[in-house]
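Please have the sequence and the model in view while reading.

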Amino acid sequence: MYTIKQAAARSGVTVQLLRAWERRYGVVEPARTESGYRLYDDAAIDRLRLMRRLMDDGWSPSSAAKYVRELDDAAVRNQLEGMAPRATDSADVDGTDPAQLPQAFVASAAKLDERGFESVLDEMFARGSFEHVTTELVMPALVALGVEWAEGNLDVAAEHAAAGAVQRRLGMAFMAAGRAGEGRDLVLVGMPPGARHDLGALAFATSVRRAGIGVRYLGADLPLQDWIDAVVRTHPLAVAIGVVLEQDVDAADRVATAIRAANPELVIAFGGRAAESINISALAPAIRLPPDMMSAVDALRSAMGSKGRRARRR
């Protein structure tokens, strides 16, 4: 039997993600000690590994969990044995702990070591699907980068160089994700006026496009009237507004209120670390997106589905 930390390491996910899968999707049901601590057996580890592999291959969390739950333990094991081994099958299979990669990225940035932080990004993106990598590695690296800059441990040049490297990777992934899509399945993704930390929004727009949903990425610091004009011109089914910092909250609320006035039926989604500060009750139909990238796409898809979305799943 394994503790939750050991189970996470053996299955190649974070403890937080393991808890989320258990709570939201019931993919495993751990035993409990008399003290209430979770314990996981080998069969549970196999289920977690299969869940992660399916998501790395593009399955939504809900679809992957449903598939895993319907298999018995022997079938789960057979599925795993039929899959080619990957570097992400355990947290430290190649001697590198993925949890250390964000700090390695920041350390290279502080030295303006472009070869160093590009190599770290190579290592990150070799560890699974785009959605898995951005959620578990890239976004934490950017948060750590911002913290170090705010505390004066690296300068603006280092922050800009490292963030620019990430932006180039995300931009290439966005372009490689397919065509923009047309029709009622369209989603607009962008940041409110004054908000410039848009890499999370770009990653989300890429994931939306990879899921086969049409998307227009509007970028950072988009003026209020331009948001309204974009909605009027494109007739989207949903908009996703990034809210990264507390100082973005008021601007995001103004954008959402204006959009709601222009289109009472439009689905409005908020994502980012400060999205919890948005009062969505007055903006229905509105949702907060979960931090996990695939779960966020899944939540948006569900909200759009309630409005008659017809986008196909890849």
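Is His235 buried or exposed? His235 is exposed, because its relative accessible area is 52%; exposed means over 50% relative accessible area, buried under 20%, and partly exposed in between (1.4 Å probe, protein chains only).

## Basis of the model

The model is predicted: local features need pLDDT of at least 70 and side-chain atom pairs count only at pLDDT 80 or more, while totals for chains, interfaces and linings use all residues. Residues are numbered from 1 along each chain as its sequence is written, and side-chain values use heavy atoms, with hydrogens and water left out.

## Overall form

The chain contains 13 helices and 7 strands. These elements are DSSP runs numbered from the N terminus, with helices (H or I) of at least four residues and strands (E) of at least two. Of the 314 residues in the chain, 50% are buried.

For 314 residues, a compact globule would have a radius of gyration near 20 Å, and the chain agrees with this at 20 Å. The radius is taken over C-alpha atoms, and the globule rule is 2.2 Å times the number of residues to the power 0.38. The C-alpha trace spans about 55 × 50 × 40 Å along its principal axes.

## Helix α8

Helix α8 covers residues 130-150, and its 21 residues should span 30 Å at 1.5 Å a residue; the end C-alpha atoms are 28 Å apart, which agrees. The expected span is 1.5 Å times one less than the number of residues.

At Val138, α8 bends by about 30°, and Pro140 follows within four residues. The bend is the angle between axes fitted to the seven residues ending at a residue and the seven starting there. Just after α8, Gly152 has a positive phi of about 80°.

## The cavity

The structure holds 1 cavity of 30 Å³ or more, and the largest cavity contains about 70 Å³ of space. On a 1 Å grid over the protein atoms alone, a cavity is a set of points where a 1.4 Å probe fits but cannot get out, and lining residues have an atom within 4 Å of a point. Grid points are joined across faces, edges and corners, and the volume is the space filled by probe spheres set on the points.

Helices α2 (15-25), α3 (42-56) and α8 each supply at least two residues of this lining. Among the lining residues are Trp21, Arg52, His132, Glu136 and Asp292. The lining divides into 5 nonpolar, 2 polar and 5 charged residues, where Ala, Val, Leu, Ile, Met, Phe, Trp, Tyr, Cys and Pro count as nonpolar, Asp, Glu, Lys and Arg as charged, and the others, Gly among them, as polar.

## Backbone features in loops

Most residues other than glycine have a negative phi, and most peptide bonds are trans. His235, in the loop between α11 and β5 (238-242), has a positive phi near 50°. Asp221 also has a positive phi near 50° and is found in the loop between β4 (215-219) and α11 (224-234). Asp221 counts as partly exposed because its relative accessibility is 27%.

The peptide bond from Ala284 to Pro285 is cis, with omega near 0°. Pro285 is placed in the loop between β6 (267-271) and β7 (286-288).

## Two buried residues

Leu188, in strand β3 (residues 187-190), has 0% relative accessibility and therefore counts as buried. Its C-alpha atom is separated by 30 Å from that of Glu118, 70 residues apart along the chain.

Arg169 lies in helix α9 (residues 156-176) and is buried, with a relative accessible area of 19%. The C-alpha atoms of Arg169 and Asp122 are separated by 9.7 Å, the two residues being 47 residues apart along the chain.

Key
On a 1 Å grid over the protein atoms alone, a cavity is a set of points where a 1.4 Å probe fits but cannot get out, and a pocket is an open set with protein on both sides within 12 Å along at least five of seven lines; lining residues have an atom within 4 Å of a point.
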